[in-house]
Structure formats: C-alpha cells, structure tokens
Amino acid sequence: MRTAVMTDTNSGMMECDAEQYGVHVVPMPIIIDEKTYYEGRDIDSDGFFEALYSDKTVSTSQPSPVDVMEAWERVLKMGYDEILYIPMSSGLSESCATAVALSEEYEGKVYVVDNHRISVTQWASALYAKSLVKAGKTAAQIKEILEKAAYDASIYITVDTLYFLKKGGRITPAVAAIGTALKIKPVLSIQGDKLDSFAMARSMKKGLSVMIDTIRKDIENRFGGDENAVVATAGSGLTSEEKELYLTDVRKAFPGHEVKYYPLPLSTCVHLGRGAFGVGAYPKFEEA
C-alpha cells in the first residue's frame with residue numbers, strides 16, 4: 001500500500017514546508033473584504049496582518065468541500081492507494097466533521113484523523129504519521145495510533161491585545177475594557193477541543209513565566225519527564241528581536257530540549273492579533 005499523509009495549514013505547515021517532509025497540505029481560506037485567499041499560497045503573514053490592522057474585514061473559513069476533494073483526487077492520481085488526512089481539531093472547527101462526511105464517498109481510500117490538535121502539535125502528528133508510513137503501517141492503523149494519543153499535548157498562549165478576542169466574541173466588551181485598562185495579558189490554553197482562558201498576567205514577560213511553569217508541570221506529570229517530552233514555541237507576527245527574546249527564556253528554562261519556533265496559523269491569528277506567543281509540549285513519539 002502507498003499511503004499519503006495530508007494535513008492543513010492550521011498545523012503551521014505551508015506547502016513549501018510540506019514538500020520538504022513529503023507531506024501534502026490543504027491551505028486554509030482567509031477572507032479579506034469578501035475575497036478569498038489561501039494561507040501560504042497567495043497570502044503570507046505580512047499581507048494578513050496588514051489587512052487585519054486596517055479597516056478591512058478579515059475572517060477565516062474551513063476549506064470548501066470542493067477544495068478538499070480536489071486535493072484528495074490530486075494525491076490519489078499521483079499513485080497513492082490511500083490518504084491519511086489530519087485536519088485541525090474537531091473542537092475548533094467544523095472542517096474535521098466535513099472531511100469525515102466527504103471521506104465516506106471514497107470507500108476506504110481516505111482516513112480522516114480526529115487528532116484534536118492545532119499548530120505545532122498538529123505539525124508533529126503529521127511528521128509522526130509520515131514515520132509510521134515508512135515503518136509499514138496502514139492509514140487505518142495510523143489513524144488509531146494518532147487518535148489514541150490525541151490529548152497528549154499542551155499549548156499555552158499569551159496574548160498582547162484583548163481587541164481581537166473581543167471582536168471574535170470570545171470575551172465580552174466589558175471584560176475587554178477592564179482588561180485593557182489594567183493592562184492584563186490573558187494566558188490561553190489549548191487542550192484538544194477548545195481555546196480556554198487559563199490565567200491572567202500583568203505583562204507578556206509574566207505571561208511567559210506562567211506558561212513555562214505550567215509546561216514544566218505538564219512534562220513532569222503528564223508526559224513522563226524531560227527525557228520523554230518535546231518543547232516548542234509559536235508566535236503571531238513577531239519581529240525577529242521579539243522571537244529571539246522569548247526563545248532565549250524558553251531555552252534557558254528547558255536546557256535539555258532543542259526548542260524550535262513556528263509561526264501560528266493565520267486562522268488562529270485572527271483571534272489573537274499580532275504579538276501573541278505560545279509554548280507547547282507533547283511526548284516524544286515512540287520510534288516507528
């Protein structure tokens with residue numbers, strides 16, 4: 001069996017990255033003033049944030065059924081027998097449920113993984129799936145492995161502005177006004193199915209401290225200790241100086257880890273704005 005691994009750009013993996021890893025990617029739609037762009041294809045981070053901080057209307061959408069099916073057809077025509085598709089968490093978007101429904105038309109050729117992940121942890125799942133393919137696992141077997149480990153991951157994000165959380169209806173205008181007046185930076189948590197408020201900090205630096213302490217506890221209590229865990233970071237629209245400043249602190253906190261940085265997907269940045277920074281962790285995958 002020739003098995004293809006496919007994910008979407010909610011993983012942070014763009015088409016240029018996917019080529020390097022032998023993974024296929026469905027770009028997520030970004031709608032600006034009713035015109036549709038595709039993440040990593042005809043809109044990048046700079047163009048997105050320029051629109052977000054202007055008077056333009058910016059939103060995101062799940063991929064259309066036509067886009068998803070065309071991507072599957074294209075890969076199957078390349079000679080693959082089956083596709084393992086890893087969309088973003090079903091708790092954060094309807095795209096997973098839509099893909100599951102569409103896959104029923106493919107009679108066992110497309111397996112949709114409800115992996116309950118996004119950003120760096122979704123990226124990691126795609127790479128693990130690729131290694132399992134190389135080890136001879138079928139799409140059905142890999143789907144079972146990934147879904148069993150779906151909740152073994154943590155992401156915490158500190159947001160520099162409350163404006164976009166209010167705009168997206170995730171906090172009330174009153175809470176946003178009080179938080180802005182007090183210069184509060186919310187720390188958000190993604191534990192599988194949804195984006196939740198986790199803590200409040202009086203600065204981005206204090207928010208980073210909260211995230212580091214919490215990730216350290218998750219590594220010890222949930223992921224089997226430092227030797228068994230991976231630590232990664234992500235951010236939205238950060239300058240190179242901001243990125244290095246945060247990375248230095250995280251690497252200092254986790255000296256035994258090769259901590260990498262990934263841009264947050266634009267579908268998340270719509271709700272977070274520029275300047276958000278996150279720290280994530282998940283167990284190292286067993287050798288395939």
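Biologist: Is Cys96 buried or exposed?

Modeller: Cys96 is buried, its relative accessible area being 2%. Here, buried means under 20% relative accessible area, exposed means over 50%, and partly exposed lies in between, using a 1.4 Å probe and protein chains only. Please note that this is a predicted model: local features need pLDDT of at least 70, side-chain atom pairs count only at pLDDT 80 or more, and totals for chains, interfaces and linings use all residues. Residues are numbered from 1 along each chain as its sequence is written, and side-chain values use heavy atoms, with hydrogens and water left out.

Biologist: And Cys16, buried or exposed?

Modeller: Cys16 counts as exposed, at 59% relative accessibility.

Biologist: How many disulfides are there in the whole structure?

Modeller: A search of the whole structure finds zero disulfides, a disulfide being a pair of cysteine sulfur atoms within 2.5 Å.

Biologist: Let us turn to Ala18. Where is it found?

Modeller: Ala18 belongs to helix H1, residues 15–21. Helices (H or I, at least four residues) and strands (E, at least two) are DSSP runs, numbered from the N terminus. Ala18 is buried, with a relative accessible area of 2%.

Biologist: What is Ala18 in contact with, beyond its sequence neighbours?

Modeller: Leaving aside neighbours within four places in sequence, Ala18 is in contact (heavy atoms within 4.5 Å) with Met13, Val23 and Val25.

Biologist: Now the sheets. What order do the strands of the six-stranded sheet have?

Modeller: The order in this open sheet is S10-S9-S8-S13-S11-S12, and the pairing is mixed. Two strands pair if DSSP finds at least two bridges between them. S10 and S12 (260–263) are the edge strands, each pairing on one side only.

Biologist: What holds strands together in general?

Modeller: Strands of a sheet pair through backbone hydrogen bonds, either parallel or antiparallel.

Biologist: How many residues of S9 are buried?

Modeller: Six of the six residues in S9 (residues 185–190) are buried. Lys185, Val187 and Ser189 point one way, while Pro186, Leu188 and Ile190 point the other way.

Biologist: Which strands does S9 pair with?

Modeller: S8 (residues 154–158) is joined to S9 by four bridges, running antiparallel. Ile157 has Leu188 as its bridge partner in S9, and Ile155 stands opposite Ile190. S9 also pairs with S10 (residues 195–201) over six bridges, again in the antiparallel sense. Pro186 stands opposite Met200 in S10.

Biologist: What lies between S9 and S10?

Modeller: The two strands form a hairpin with four residues between them, and Gly192 in the turn has a positive phi of about 90°.

Biologist: Last topic: how do H9 and H10 meet?

Modeller: The axes of H9 (residues 204–221) and H10 (residues 240–253) come within 11 Å and cross at roughly 30°. Axes are lines fitted to C-alpha atoms, for helices over the stretch in contact, and angles run from 0 to 180 degrees between N-to-C directions. H9 and H10 are therefore roughly parallel; angles under 35 degrees count as roughly parallel, over 145 as roughly antiparallel, 65 to 115 as roughly perpendicular and the rest as oblique.

Biologist: Which residues make that contact?

Modeller: Met204, Lys205, Leu208, Ile212 and Arg216 of H9 meet Tyr246, Asp249, Val250 and Ala253 of H10.
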